[in-house]
Amino acid sequence: MSQVSRIRLRSDVEERIHKLFTDVFIGFKNKKDLDNFLEDFISPTEKIVFAKRLAIAVLIAKGNDYDQIRQILRVTPSTIAKVSLHMKYGN
C-alpha cells in the first residue's frame, strides 16, 4: 500500500503541490501523453486502487448495490462505503 510521510507539509507547500498535480492533468492534450505520465509516475498498485475507486463510483451511480459491487470488483464493503460517502458529501 502507498504510504505518506508522517511529517506534515506546510499548508502553503501542500497547496502548491496540489495545484501542480491538477495542472499537470489539465495540461494533457491526448490519451497517449496521459498514459505515459501515469506509467512513469504512478505505481501499478496505485493505478489499480484509483481505477477501482472510480469504478465503484460509476457502479454506485448506476444503481448497483454493495454486494454487486463487491463481487464485480473484489473490494470490501468499507471501501465501497468510503467512496459512497465521498460522492454524497465530498466536493
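Is Asp65 buried, partly exposed or exposed, and why? Asp65 counts as partly exposed because its relative accessibility is 41%; buried means under 20% relative accessible area, exposed over 50%, and partly exposed in between, with a 1.4 Å probe and protein chains only.

Good morning, colleagues. Before I return to this residue, a word on the model. This is a predicted model, in which local features need pLDDT of at least 70 and side-chain atom pairs count only at pLDDT 80 or more, while totals for chains, interfaces and linings use all residues. Residues are numbered from 1 along each chain as its sequence is written, and side-chain values use heavy atoms, with hydrogens and water left out.

Let me begin with the overall architecture. The protein has five helices and zero strands, and from the N terminus on its elements run α-α-α-α-α. Helices (H or I, at least four residues) and strands (E, at least two) are DSSP runs, numbered from the N terminus.

Next, the dimensions. The radius of gyration of the protein is 16 Å, whereas a compact globule of 91 residues would have one near 12 Å. That radius is taken over C-alpha atoms, and the globule rule is 2.2 Å times the number of residues to the power 0.38. Along the principal axes, the C-alpha atoms fill a box of roughly 40 × 35 × 25 Å.

As for burial, 11% of the 91 residues count as buried. The accessible surface comes to about 8,100 Å², and carbon and sulfur atoms account for 59% of that surface; the areas come from the Shrake-Rupley method with a 1.4 Å probe. Of the contacts between residues at least 6 apart in sequence, 22% join residues at least 24 apart, contact meaning heavy atoms within 4.5 Å.

The protein carries 16 positive and 11 negative side chains, and the centres of the two sets lie 4 Å apart. Here Lys and Arg count as positive and Asp and Glu as negative, with His and the chain ends not counted.

I now return to Asp65. Asp65 sits in the loop between helix H3 (44-61) and helix H4 (66-73). What does Asp65 cap? Asp65 caps the N-terminal end of H4, with a side-chain oxygen 3.1 Å from the backbone nitrogen of Asp67. For reference, a polar contact is a pair of N or O atoms within 3.5 Å; within protein, one must be able to donate a hydrogen and the other to accept it, and residues adjacent in sequence count only if both atoms are side-chain atoms. Elsewhere, Thr22 is 43 residues from Asp65 along the chain, and their C-alpha atoms are separated by 31 Å.

Just after H4, Arg74 takes a positive phi of about 60°, and Arg74 is a residue other than glycine. Arg74 lies in the loop between H4 and H5 and counts as exposed because its relative accessible area is 69%.

Val75 lies in the loop between H4 and H5, but is buried, with a relative accessible area of 10%. Leaving aside neighbours within four places in sequence, Val75 is in contact with Lys52, Ile56, Ile69, Arg70 and Ile80. Val75 and Asp65 are ten residues apart in sequence, and 13 Å separates their C-alpha atoms.

Finally, Ser84 belongs to helix H5 (residues 77-89). Ser84 counts as buried, at 8% relative accessibility. With neighbours within four places in sequence left aside, Ser84 is in contact with Ile60 and Tyr66.

Thank you for your attention.

Key. Charge placed at Lys NZ, Arg CZ, Asp CG, Glu CD.
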